[in-house]
Amino acid sequence: MRNLLIVFCMTVATIIVGGCAAASQGRKFDDTYVSQIRKGVTTKAMIRQHFGEPVSTTKSSDFETWTYSYSDAYGRGYIQGMSYGLVREKSDDQLLILVFQGDVVAEYTYTK
């Protein structure tokens, strides 16, 4: 009987600890420089100096788009009936998209 109680307690502890999840995606970046970005003035070299290499880039004939993104979410799992879900309790998200025409910023958007 005692062994059964120990196994039961260990199973419950495993479920509780396993019910938490943390996931991050992308690369965190310092956003203090975002307010200093100027359309038609800020260059690719300046952006690279402050943010490093972008997470992704796309090119068209006239424009080049650089994306910097980071998402760090912490959630707590729960079991309800036969389904498993994740409640997002805390997040730290950043998204910076820059559009270059030639070597300078033509447009950008930042969300946090």
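Colleague: Why does Phe-51 count as buried?

Modeller: This is a predicted model, and in it Phe-51 has a relative accessibility of 5%. Buried means under 20%, so Phe-51 counts as buried.

Colleague: What makes Tyr-68 buried or exposed?

Modeller: The relative accessibility of Tyr-68 is 1%. That value is also under 20%, so Tyr-68 counts as buried.

Colleague: Why is the pair of Phe-51 and Tyr-68 called tilted?

Modeller: Three aromatic pairs are counted. In the pair of Phe-51 and Tyr-68, the ring centres are 5.5 Å apart and the planes stand at 45°. Rings pair if their centres lie within 6.5 Å, and planes under 30 degrees apart would be stacked, over 60 edge-to-face.

Colleague: How do you know that the buried residues of H2 line one face?

Modeller: The buried residues in H2 are Lys-44, Ile-47 and Phe-51. Seen down the helix axis, they fall within an arc of 65°, so they line one face of H2. An α-helix has 3.6 residues a turn, so residues three or four places apart point the same way. On the other side of H2, Ala-45 and Gln-49 are exposed. Just after the helix, Gly-52 takes a positive phi of about 80°.

Colleague: What makes Glu-64 and Lys-44 a salt bridge?

Modeller: Their closest N and O atoms are 2.6 Å apart. The cut-off is 4 Å, so the pair qualifies as a salt bridge. The pair links distant parts of the chain, Glu-64 being in strand S3 and Lys-44 in helix H2, 20 residues apart. Both Glu-64 and Lys-44 are buried. Lys-44 also lies over the face of Phe-100, at 5.8 Å from the ring centre.

Colleague: How many salt bridges are counted?

Modeller: The count comes to four. One of them joins the side chains of Lys-39 and Glu-107, at 3.0 Å from N to O. Lys-39 is in the loop between strand S1 (20–26) and H2, whereas Glu-107 is in strand S5 (residues 104–111), 68 residues apart.

Colleague: Why are Lys-39 and Glu-107 called partly exposed?

Modeller: Lys-39 has a relative accessible area of 47%, and Glu-107 has 40%. Buried means under 20% and exposed over 50%, with partly exposed in between. Both values lie in between, so Lys-39 and Glu-107 are partly exposed.

Colleague: What makes Glu-53 and Arg-48 a salt bridge, and are they buried or partly exposed?

Modeller: The side chains of Glu-53 and Arg-48 meet at 2.8 Å, N to O, which is within 4 Å. Glu-53 has a relative accessible area of 45% and Arg-48 has 37%, so Glu-53 and Arg-48 are partly exposed.

Colleague: What is the layout of the chain as a whole?

Modeller: The chain has two helices and five strands, in the order α-β-α-β-β-β-β along the sequence. Of its 112 residues, 21% count as buried. Among contacts between residues at least 6 apart in sequence, 54% join residues at least 24 apart. The chain exposes about 7900 Å², and carbon and sulfur atoms supply 58% of that area.

Methods: Residues numbered from 1 in each chain as written. Predicted model: local features only at pLDDT ≥ 70, side-chain atom pairs only at ≥ 80, totals over all residues. Heavy atoms only, no water. Phe/Tyr/Trp six-rings, centres within 6.5 Å; stacked < 30°, edge-to-face > 60°. Buried < 20%, exposed > 50% of the residue type's maximum accessible area, 1.4 Å probe, protein only. Lys NZ or Arg CZ within 6 Å of the ring centre and 35° of its normal. Helix = DSSP H or I, 4+ residues; strand = E, 2+ residues; numbered from the N terminus. Contact = heavy atoms within 4.5 Å. Areas by Shrake-Rupley, 256 points an atom, 1.4 Å probe, with all protein chains shown as cover. Arc of directions from axis to C-beta.
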